[in-house]
Amino acid sequence: MTVPRSIEVAIVGGGFTGAAVAYHLAHLRPGISIAVFEPRAVLGGGLAYDDHDPAHRINVPATRMSLVPQDENHFARWLEESGAASDDPGISGRDGALYPKRSVFGRYVASHLDPLLATRRVHHVRSRVLSIAAEGGRWTLATDAGSRISARIAALATTHPPPDVPHALAPLMSDPRLVRDALVPGALADIARDARVVILGTGLTMADVVASLDRQGHRGPITALSRRGLRSRGHAKLQVEPFGEFTAPPPRASALLRKVRRTIREAAARGLSWHTVLDALRAQAQTFWPLLAREEQSRIVRHLRVYWDVHRFRIAPQVEDVLDRRIAEGTLAIKAASVLEAGAEHDHLKLVVRNRRGGGQDTILADHVVVTTGPAHAKILSTQPYLAGLAAGGLVRADHLGLGIACDGESRALDVRGAPQETLFVAGPLARARFGELMGLPQVSAHAVAVAQRIARDVELAETRVRDVAAAK
Ligand SMILES: Cc1cc2nc3c(=O)[nH]c(=O)nc-3n(C[C@H](O)[C@H](O)[C@H](O)COP(=O)(O)OP(=O)(O)OC[C@H]3O[C@@H](n4cnc5c(N)ncnc54)[C@H](O)[C@@H]3O)c2cc1C
C-alpha cells in the first residue's frame, strides 16, 4: 500500500515503543496520518519480542506487561482469549504467574496494531531510515528503499544498538567462532552439542543464551564471565505489592542507598522480601530521578547500576531453572573475571582472564565465545547514520549519562545548545537519562502513552492555529 509523501507524525522504529506510541496516538487523534518506519515484517516486536526462540520468555509476569498501562490485565486477558495461554504447557512459573514466550508478547502487540494498519490510521513503512533533515519547519525522512517522506513531527524509537565487543577480543574479530551479538537470529546455530562455550556477560542475555543452547541439545561446559560475576536474580516466591516510599529522595546517592537498605530491613521485619522494595523504587524512579543533581545521577550510574540491574531485571522462573540445573550438573560456571587477552588457535580459542577474587590469572580454552554485554547505548549516536546526521547538524546530542539521547521532561530532544526541539521527540529507553528507570516494559509502556499525549496536544494546537488563520481570512 502506498504511503502519503506528506504525513503528520513519523515514528522511527517499530519495536514495542514505536508501535505503542502509534497505537495510543491513533486512538487519541483518529484523524491524523501516522507512519511507523520499521524494516521488520511486523510492528511491536523489536529486538526483545520479535524473537522466535521458544526458550526465551518474558521476564516479568504477564500481568505487568500491558500495552495499555491503565489496564494491567490487558495482556493477561488476551493470553486467555487468543488461546495462547492454553497452547503453552510451560507458561506458568513456579510462583504461579504466567511467563509466556517473548514472541507471544510480540504477537499480542502486533494484533492491536493490525486493525489500525488495515484502516490506514497507521502506515507501516517497511524500510530503514537513513537520514532525517530539517526542511522548511518539517522533517524529511529518507529511507534505504529510496523513498522520501515529509513529516511535521518525528519521534525517535530505535532503541537497541548491537553490543560493543570488548577491546580484549580484538584478535578474534574476524573469527567465525566469536558470536559478536547473541541476539541475532541463528547466532548460536553452529554451536555443537559438546562445544566448550565462554559467554561474556552474566545478565539476562547470558541466561537466554544458556536456555537456547540447552534447548538445542548443547551439553558441553559453559563459563560465563563478568567483572563482578553477578547473575540476575529470580522473582519472589509470592507476588506482593511494592513496599517503600522514595518520591522525595535524599539528595545524595549514598543516602539513597542507605534508605533503600533501611527499607529492605523494614520490609523483612514484616515478612516481605527485598523484591517489594526494589519494585517500589522502580515504580517511583520517574518521580525522584529528575530531582537528583546530575553528579548524584552519574554517581548512581557509575557505582550502583550494576547492582540495580541484577536486582531489577529478574529472570523468568523457567529460565532460572535451566541455569540452576546446569550449575548443579557442573556444566555452567559463573565467574567474576575480566578478559586480558584473547587468541585463536587452529582447534580452539584461548582467553586469558584475571580473576576478581584473589587476582590470579586463568587460561580458558573454548570452541566459541559469545558476547552478551548488552546494547552499546553510550554510542547510540554513532550506531545509526540518521542519528549521526542529526547530531552533526546539532539537532540532537547524547545525554549526560551515556544512556541515550538528551531530552526534556516532555521528551522533546534537546539540541546541541540544550534547547528543546518542538517537533522532535525521544520515545522509550533512549530517554531514560531524563526519566530514570525506563527500560522495563511497564515504564516503557507508560512513557509511550505520555509521548503520544504530548504529540496529540501539539497536533491539536496546530489544528487550532490553522483554523484561526482560516477564520481570520
Ligand atoms: C532481549 C530483550 C528482552 C527483554 N525482555 C523484557 C521482558 O521480558 N520484560 C520487560 O519488562 N522488559 C524486557 N526488555 C526491555 C524492554 O521491553 C525493551 O527494551 C523494549 O521493548 C524496547 O523496545 P523499543 O521499541 O524501544 O526498542 P527496540 O526493540 O530496539 O526496537 C527498535 C526498532 O527500531 C528498528 N530500527 C532500528 N533502526 C532503524 C532505522 N534506522 N529505521 C527504522 N527502524 C529502525 C529496529 O528494527 C527495531 O525493531 C527486554 C529487552 C531486551 C533487549
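Me: Domain bounds come from an automatic or database domain assignment. Which domains is the chain divided into on that basis?
Reply: The division gives domain 1 (6–161 + 376–472), domain 2 (167–233 + 316–371) and domain 3 (253–312). This is a predicted model, in which local features need pLDDT of at least 70 and side-chain atom pairs count only at pLDDT 80 or more, while totals for chains, interfaces and linings use all residues. Residues are numbered from 1 along each chain as its sequence is written.

Me: How many residues of domain 1 are in contact with domain 3?
Reply: Eight residues of domain 1 are in contact with nine residues of domain 3, where contact requires that the C-beta atoms of two residues, placed from the backbone, lie within 7 Å. On the side of domain 1 that touches domain 3, two residues are nonpolar, four are polar and two are charged; in this scheme Ala, Val, Leu, Ile, Met, Phe, Trp, Tyr, Cys and Pro count as nonpolar, Asp, Glu, Lys and Arg as charged, and the others, Gly among them, as polar.

Me: And how many Å apart are the C-alpha centres of domain 1 and domain 3?
Reply: Those centres of domain 1 and domain 3 lie 27 Å apart.

Me: Switching to the ligand, which residues are closest?
Reply: The closest are Gly-13, Gly-15, Gly-46, Thr-159 and Leu-441, out of 32 residues that surround the ligand; a residue is taken as near if its C-beta atom, placed from the backbone, lies within 6 Å of the molecule. By class, this shell has 16 nonpolar, 13 polar and three charged residues.

Me: Which helices supply at least two residues of that shell?
Reply: They are α1 (16–28), α2 (46–49) and α13 (441–472). Helices (H or I, at least four residues) and strands (E, at least two) are DSSP runs, numbered from the N terminus.

Me: What does strand β1 pair with?
Reply: Strand β1 (residues 6–12) pairs with β2 in the parallel sense over four bridges, pairing being assigned if DSSP finds at least two bridges between two strands. Within that pair, Val-12 stands opposite Phe-37 of β2. Going from β1 to β2, the chain passes through α1, and this β-α-β crossover is right-handed, meaning that, with the strands pointing away from the viewer, the path from the first strand over the helix to the second runs clockwise.

Me: Are the faces of β2 buried or exposed?
Reply: Both faces of β2 (residues 34–37) are covered, with Ile-34 and Val-36 on one side and Ala-35 and Phe-37 on the other all buried. A residue is buried if 20 or more other C-beta atoms lie within 10 Å of its own, exposed if 12 or fewer, and partly exposed in between, with the C-beta atoms placed from the backbone. Strand β2 is also joined by four bridges to the parallel strand β3 (residues 122–125), where Val-122 is the bridge partner of Ile-34.

Me: What is the strand order in the open sheet of seven strands?
Reply: The order is β7-β13-β8-β9-β10-β11-β12, with mixed pairing. At the edges stand β7 (178–179) and β12 (361–366), each with a single partner strand, so one side of each is left without a neighbour in the sheet. The partner of β7 in a parallel pairing of two bridges is β13 (residues 368–371), and Leu-178 stands opposite Val-369 there.

Me: How many residues lie between β10 and β11 in their hairpin?
Reply: There are four residues between them, and β10 (residues 332–344) and β11 (residues 349–355) pair in the antiparallel sense over seven bridges, with Glu-341 opposite Val-352. Strand β11 is then joined by six bridges to β12, also antiparallel, and in that hairpin, with five residues between the strands, Gly-358 takes a positive phi near 90°.

Me: Which residue other than glycine has a phi near 60°?
Reply: That is Arg-120, which is found in the loop between α4 (102–118) and β3 and is exposed, with 12 other C-beta atoms within 10 Å. Ser-411 likewise has a positive phi, of about 65°, without being a glycine, but Ser-411 is buried, with 26 other C-beta atoms within 10 Å. Most residues other than glycine have a negative phi.
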